[in-house]
Amino acid sequence: MSINLKELTITKVHQSLQNYEYSCADLVQAYLDEIKKRNPEINAYLTVFDDAIEEAKKVDEKIKRGEKIGLLEGIPMAIKDIILIDGKRSTGGSKILENYTATYDATVIKKLKAAGAIFLGKTNTDEFAMGGSTENSAFGVTRNPHDLERVSGGSSGGSAAAVSGNLALVSLGTDTGGSIRQPSSFCGTVGLKPTYGAVSRYGTMAMASSLDQIGPIAKTVEDVEIVFNAIRGRDEFDLTSADGDKFEPINSDYKFKIGIPRSFVSSGLKPEVEKNFHDTVEKLKDMGYEVIDIELPMLKYALAVYYIVVPAEVSANMSRYDGMRYGLRVDGVSGIDDYFKSRGAGLGPEVRRRIMLGTYVLSAGYYDAYYSKATKVRKAIREDYLRAFKDVDVILTPTTPSPAFKIGEKIDDPLQMYLEDIFTVPINLAGLPALAIPSGKTETGLPLGIQFVASHWREDILFALGKKFERV
Amino acid sequence: MITREEVDKLANLARLDITDSEKDKLQRDLESILDYVNLLNEVQVPDEAEGFDTALVRNVMRNDDNAYESRIYTDKLIAEFPARSGNFLKVKQILGGDDNA
């Protein structure tokens, strides 16, 4: 029987499996067939698992035995290649780990395995999650399913393209400066960057440890919420994780007060984004929400803070890739030369750029001027948001200043690429949760997206508002 | 603003083997990025903002117990060694070889 992959949601699949409309093996096979057909041109997947059908059959056996299955049981998922799955190849999008096999499961994977999800494979990413287009992957770019001449975004380009291209029902990405939200915007999917600490980072290759978060990408807000609830929670293996503050369940009909940092969104937007954003605001007002202008004066410094703090943390996190205990080793003339040769050969240009920049801002003589200053301004940015959330429940901006750009368009000018992150980056600096959600299309059919931001631990507000918004 | 000597020094500190032509491009890229982040010079932040906001970041400790069973990961980890000698990781001589360390 032919399953319409375009129309699926987690709840629909769950019901279909329980009603014997199709088997889990049939469902997984349908995705694998689609991957075989379309992955060569899209390049969303770096590795497709050959045991997915076997895992699917286990779910079918359970159903046949009359056992109840959980909501995520049998759900086909794609996982970004910086998240480790025991026994599976995990490249991080890098030559230095091209043939590396993970030796343990990330906590999020352990949780999803316990929930019965089926992993179809590992998706393409900018190398070690550094980039906004997946052009920095050592294994080729991921093309946008809506327009193959354009990028899927990054760094979770593969994960967003997989969901958008019907090559997985839901996927996991990571977000340090927008890497879930920006590709979601470019590909027309929903993506959540959770509150910093909501999801354990154990088993995920670290990029900037004080900003990184793992999050779900799916077609609907409800699907994102289901996966988030499965992966969240305090983990003994990641002591930056926490269960978070508890709140009274909110009434989904509550009229949230929405704030727009007016001066921040007033310039730099491509015309279609500007028009779509204006239309979105009108739509929200029609839905009965109060939309007011707010000021976040420190926001204009967020990108500068980000490009000091992140390379600094990156330079420390990348030092483990030294060709010694795992990954690519290239022989030099001496022990220390092995480091130079292995890292030189295995790490790509963007990674090297950030390592160099990070080494610079952390070095003696420059530390106070750059890193120390950036940390102070970071605190001030966070305080701007905390102040704003006294007056509003949600902050709204476009997710990106433009729709998906053409492959190759920005790759030669790193600063131009960095400027694309202007709306997503401040969120990571402040540790806030943010939901990227489709808001329309350009005249040529390219997806456009907006971003709802809530205060710490208020993913519930994002889901409530998001579900109302997507219905319109 | 960033000299070629500084680029060489950074590459050395970061243990990165970089070609001369790539160093040229890196020098230009780093200049352009540092130029942009110098925007922070115009920000005045009060001195008490020094250091981490302890409401945001604090050390979370755990007891050093509940170690996993010995040797359960050993084989998997050894399988990933680029070079091995039995169960040992094989590397080049560390001391007494290159004085440039």
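Chain B and chain A bury about 5,000 Å² between them, 67% of it on carbon and sulfur atoms; buried area here is the accessible area (1.4 Å probe) that two parts lose on being put together, summed over both. Leu40(B), Glu80(B) and Lys92(B) supply 14% of what chain B buries against chain A, more than any other three residues.

A quick word on conventions, everyone. This is a predicted model, where local features need pLDDT of at least 70 and side-chain atom pairs count only at pLDDT 80 or more, while totals for chains, interfaces and linings use all residues. Residues are numbered from 1 along each chain as its sequence is written, chains are lettered from A and ligands numbered from 1 in the order in which they are written, and side-chain values use heavy atoms, with hydrogens and water left out.

Back to the interface. With contact meaning heavy atoms within 4.5 Å, 52 residues come from chain B and 58 residues from chain A. The rule finds six salt bridges across this interface, a salt bridge being a side-chain nitrogen of Lys or Arg within 4 Å of a carboxyl oxygen of Asp or Glu. One to look at is Arg353(A) with Asp29(B), whose closest N and O atoms are 2.6 Å apart.

Which helix gives the largest share of the side of chain B that touches chain A? That is H2(B), with 10 residues; helices are DSSP runs (H or I, at least four residues), numbered from the N terminus. H2(B) has 18 residues and reaches 25 Å from first C-alpha to last, close to the 26 Å expected, where the expected span is 1.5 Å times one less than the number of residues.

Several H2(B) residues are buried, among them Leu26(B), Asp29(B) and Leu30(B); buried means under 20% relative accessible area, exposed over 50%, partly exposed in between (1.4 Å probe, protein chains only). Their cover includes H10, H12, H13 and H14 of chain A, together with H1 of chain B.

Now for the charges inside chain B. Lys23(B) forms a salt bridge with Asp8(B) at 3.0 Å between the closest N and O atoms. That pair links distant parts of the chain, H2 and H1, 15 residues apart. Lys23(B) is buried, at 13% relative accessible area, whereas Asp8(B) is partly exposed at 31%. Asp8(B) also bridges to Arg4(B), at 3.6 Å, and both of these lie in H1, four residues apart, about one turn of the helix.

Key
Helices (H or I, at least four residues) and strands (E, at least two) are DSSP runs, numbered from the N terminus.
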